[in-house]
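Subject: Structure handover

Hello,

Here is the structure I promised to pass on to you. Could you have a look at it first, and then read my notes below?

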Amino acid sequence: MPCFVYKENIPVDVDGIGSIPVDVAYCSAFYVYLDVRKVGLEVTENTERLVKVGMEIKNKVMAKMNSTTHIQGQLAVRHHTVRGAGQGG
């Protein structure tokens, strides 16, 4: 299965954070990638908030993609691969 970057720098308005750029890639499913430093949270703390923000981002990107493209399938969020500054990210 070929993998590729579908769209880059999609602006997403996140409640309490503002607009952040995300990228969407495809590799058997759609994935949303972003720099965790843009949301102002550390991966090692605030895990509940990080998951909540991640799900908000995922849902907003899905809404944008569904309203502007004809892609079938779903976006997936891989929480365990999120990396922050100093963690290879």
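A term to start with: pLDDT is the predictor's confidence in each residue, on a scale from 0 to 100. This is a predicted model, so local features need a pLDDT of at least 70 and side-chain atom pairs count only at pLDDT 80 or more, while totals for chains, interfaces and linings use all residues. Residues are numbered from 1 along each chain as its sequence is written, and side-chain values use heavy atoms, with hydrogens and water left out.

**Confidence**

The average pLDDT of the chain is 75, and 73% of the residues score at least 70. Among the chain's elements (DSSP runs numbered from the N terminus: helices, H or I, of at least four residues, and strands, E, of at least two), strand E1 (residues 4–14) has the highest mean pLDDT, 93. The lowest, 44, belongs to strand E4 (residues 75–76). Across residues 69–89 the pLDDT is below 50, yet the stretch has 37 contacts in the model beyond near neighbours in sequence (a contact means heavy atoms within 4.5 Å). Where pLDDT is low, the predicted coordinates should not be read in detail.

**Salt bridges**

The structure holds three salt bridges, each being a side-chain nitrogen of Lys or Arg within 4 Å of a carboxyl oxygen of Asp or Glu. Two of them involve Lys 60: a salt bridge to Asp 15 at 3.6 Å, N to O, and another to Glu 56 at 2.8 Å.

Lys 60 lies in helix H1 (residues 47–68) and Asp 15 in the loop between E1 and strand E2 (18–26), 45 residues apart. Glu 56 and Lys 60 are separated by about one helical turn, because they are four residues apart in H1.

How accessible are these residues? Glu 56 is buried at 16% relative accessibility, Lys 60 is partly exposed at 27%, and Asp 15 is exposed at 53% (buried is under 20% relative accessible area, exposed over 50%, partly exposed in between, with a 1.4 Å probe and protein chains only).

**Nonpolar core**

The largest nonpolar core has 18 residues; such a core is a set of buried Ala, Val, Leu, Ile, Met, Phe, Trp, Tyr and Cys residues joined through side-chain atoms within 4.5 Å. Val 22, Val 39, Ile 57 and Val 61 have the most contacts inside this core. Its largest share, five residues, comes from H1.

Best wishes
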